[in-house]
2 protein chains.
Amino acid sequence: MVIDWGTSSFRGWLMSTNGAMLAESRGGEGMLHCIDAGFAPVLRDHLVRLGATEETPVLICGMAGARQGWVEAPYLRTPTRLEALHEGAIRIDAAADIRILPGIAQAKPERPDVMRGEETQLLGVTEPDFTGYVCIPGTHSKWITIEAGHVVEFSTYMTGELYSVISQNSILNHAIDATDQGAEDGEPFHEGLSRALATPTALTASLFRLRASQLLGFEQRADGAARLSGLLIGTEIADVIQRHGSLQSVRLIAAGALGRLYAAALTARGLDVTKLDAEQASRRGLCKAAGRIWGTQH
Amino acid sequence: MVIDWGTSSFRGWLMSTNGAMLAESRGGEGMLHCIDAGFAPVLRDHLVRLGATEETPVLICGMAGARQGWVEAPYLRTPTRLEALHEGAIRIDAAADIRILPGIAQAKPERPDVMRGEETQLLGVTEPDFTGYVCIPGTHSKWITIEAGHVVEFSTYMTGELYSVISQNSILNHAIDATDQGAEDGEPFHEGLSRALATPTALTASLFRLRASQLLGFEQRADGAARLSGLLIGTEIADVIQRHGSLQSVRLIAAGALGRLYAAALTARGLDVTKLDAEQASRRGLCKAAGRIWGTQH
């Protein structure tokens with residue numbers, strides 16, 4: 001069995017030895033839930049639900065390996081080879097063979113950064129000798145530079161989390177419709193994007209302008225969510241472009257509306273975007289690593 | 001009587017006809033309180049507390065003049081002469097002569113912005129022919145360009161509000177000591193400041209790094225508040241410098257710890273800073289305008 005065990009979600013898949021998915025079990029029993037409920041009982045429940053025995057080998061990625069998780073799987077350090085990820089897995093002290101994959105840390109005082117879970121997605125979507133850029137949007141959006149199969153450098157942007165706290169907890173809650181189901185890829189989104197790309201140092205002023213423009217009747221509240229999203233994603237992309245002048249193509253690991261927004265934003269900047277499904281990336285990465293550990297795919 | 005009537009505070013001063021302060025009355029009865037309690041009863045209570053009659057002429061600035069305030073005092077539009085601010089005051093329909101000063105709007109679709117209260121501080125700290133820059137730090141920090149006594153352009157940065165929502169509602173609450181009484185002007189503050197000035201497009205990544213650097217043991221939680229403050233103030237100053245290449249000196253209207261931080265930050269960038277007390281600026285601006293309206297100072 002392979003599991004993507006995140007902060008607030010559990011997604012487990014029972015795999016055949018030839019890599020086919022036999023069954024899936026998912027729920028809200030993420031790390032935060034398991035800190036109280038325990039990790040072992042939650043895993044047992046999911047194994048039962050899947051009709052698997054308690055002896056089934058299990059490979060886990062994600063926050064279950066954080067310091068506050070089940071057992072800490074210490075970070076590998078950049079530069080690190082994705083194909084060797086499984087070598088950093090730590091084994092749980094249990095009768096069955098249960099292992100947790102490590103995260104990756106960029107342990108540089110001037111650019112400290114960490115990931116846990118995304119490294120497995122990277123393994124899932126790259127060939128052993130891959131060179132290029134990968135973007136994984138989300139609460140903490142990540143841009144990863146890979147050279148010949150090694151993660152050499154990465155940056156995390158708080159784009160998704162800033163969208164949440166600004167739209168819910170700041171004065172901009174007046175400028176954004178709370179019933180809005182999130183931003184759409186339309187004109188307001190692209191205007192926010194263009195503004196951020198034209199004035200990427202002005203984010204904290206552009207945010208206030210979003211409110212002022214509605215007070216003065218230039219913009220509508222119904223467009224607020226899309227404009228905010230455009231401003232934040234645009235600021236992220238502007239910084240990435242500034243750092244990586246050679247950026248021409250990117251593999252985008254994402255899903256749903258957020259994936260569409262990033263794809264639209266990056267394509268509008270002339271980038272060649274390959275979209276890849278986030279969940280499939282996790283599962284494939286886990287299966288690749290499981291294959292290295294047990295010689296077969298679980 | 002003159003009153004600075006803000007969102008969450010009331011500060012009133014009884015002035016003699018020659019401009020001396022006779023008595024002061026302050027409280028938490030800001031606009032938000034008065035939306036329910038009513039503005040007139042709150043004013044009456046403060047007049048009684050000050051021993052003034054109900055016929056005392058009253059001049060008000062601030063959010064009491066907002067759309068959701070007592071009576072809306074429509075914005076003047078940039079460019080606008082500060083010495084003519086009193087001409088935009090609107091009179092309350094009451095037996096006594098009670099007036100509210102207008103705010104100022106920058107009604108430009110590409111740079112929309114508004115202020116309400118700060119315009120009175122600007123009047124308070126500038127000569128009729130003043131040319132130069134003024135900075136008013138706060139929840140919504142403002143930078144104003146004044147030419148020959150006219151407000152010609154301004155920008156609002158959500159610096160203070162972002163500090164609050166990020167430190168309280170985001171993952172950075174783990175990186176900032178909640179008991180911290182705010183940032184101090186020390187090495188961590190200046191490191192955050194330098195980082196923002198060196199990479200002003202990277203704010204949303206630098207925020208995550210603040211957390212990552214503590215996870216990796218490079219930085220201490222006790223320094224988190226000062227670093228966050230440095231990052232946000234530095235990003236604001238970087239954008240101001242980029243927009244106003246000629247910026248060499250600034251009048252800083254501020255108080256307390258925030259005033260010290262901005263003064264330290266701006267001085268460190270080689271700017272000539274003149275610090276002015278925020279409350280005194282409001283009172284002086286109100287008295288100047290009252291003098292224009294009633295021929296004496298109230």
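In this predicted model, chain A superposes on chain B with an RMSD of 0.0 Å.

The contact between the copies involves 40 residues of chain A and 40 residues of chain B. Several elements of chain A give two or more residues to the side that touches chain B. Two of them are strands: strand 10 (113-115) and strand 13 (150-157). The others are helix 4 (159-169), helix 6 (203-215) and helix 7 (224-243). Helix 6 of chain A gives the most, with nine residues. By class, this side of chain A has 23 nonpolar, eleven polar and six charged residues. Of the interface residues of chain A, 100% are also interface residues in chain B, so the copies meet through the same surface.

Chain A contains nine helices and 15 strands. Its C-alpha trace spans about 65 × 40 × 35 Å along the principal axes. Buried residues account for 53% of the 298 residues in chain A. Among contacts in chain A between residues at least 6 apart in sequence, 65% join residues at least 24 apart.

The largest nonpolar core has 186 residues. Tyr262(A) and Tyr262(B) have the most contacts inside this core. In chain B, domain 1 (2-128 + 280-294) and domain 2 (159-277) both give residues to the core, so it lies between them. In soluble globular proteins, nonpolar side chains tend to be buried together. Leaving aside residues up to four places away in sequence, Tyr262(B) touches Cys135(B), Pro137(B), Ile233(B), Leu252(B) and Ala254(B).

Helix 3 (residues 118-125) of chain B is largely enclosed by the rest of the structure, because eight of its eight residues are buried. The buried residues of helix 3 of chain B include Glu118(B), Glu119(B), Thr120(B) and Gln121(B). Leu122(B), Leu123(B), Gly124(B) and Val125(B) are also among them. Leu123(B), found in helix 3 of chain B, has 28 C-beta neighbours inside 10 Å and so counts as buried. Not counting residues up to four places away in sequence, Leu123(B) touches Leu82(B), Leu85(B), Gly285(B), Lys288(B) and Ala289(B). Leu123(B) and Gly149(B) are 26 residues apart in sequence, with their C-alpha atoms 8.7 Å apart in space.

Val2(B) is another buried position. This residue is found in strand 1 (residues 2-5) of chain B. Val2(B) counts as buried because 27 C-beta neighbours lie inside 10 Å. The C-alpha atoms of Val2(B) and Pro57(B) are separated by 8.5 Å, although the two residues are 55 residues apart along the chain.

In chain A, the peptide bond from Thr78(A) to Pro79(A) is cis, with omega near -10 degrees. Pro79(A) is found in the loop between strand 5 (76-77) and strand 6 (80-81) of chain A. In chain B, the peptide bond from Thr78(B) to Pro79(B) is cis, with omega near -10 degrees. Pro79(B) is found in the loop between strand 5 (76-77) and strand 6 (80-81) of chain B.

Positive phi values occur at Ala148(A) and Ala148(B). For Ala148(A), phi is near 45 degrees, in a residue other than glycine. Ala148(A) lies in the loop between strand 12 (141-147) and strand 13 of chain A. With 11 C-beta neighbours inside 10 Å, Ala148(A) counts as exposed. Ala148(B) has a phi of about 45 degrees and is not a glycine. The loop that holds Ala148(B) runs between strand 12 (141-147) and strand 13 (150-157) of chain B. Ala148(B) has 11 C-beta neighbours inside 10 Å and so counts as exposed.

Note on methods. Residues numbered from 1 in each chain as written. Chains lettered and ligands numbered in written order. Predicted model: local features only at pLDDT ≥ 70, side-chain atom pairs only at ≥ 80, totals over all residues. Least-squares fit on C-alpha atoms with pLDDT ≥ 70 in both. Contact = placed C-beta atoms within 7 Å. Helix = DSSP H or I, 4+ residues; strand = E, 2+ residues; numbered from the N terminus. Nonpolar A, V, L, I, M, F, W, Y, C, P; charged D, E, K, R; others polar. Core = buried A, V, L, I, M, F, W, Y, C linked by C-beta atoms within 7 Å. Buried ≥ 20, exposed ≤ 12 C-beta atoms within 10 Å, placed from the backbone. Domains from an automatic or database assignment.
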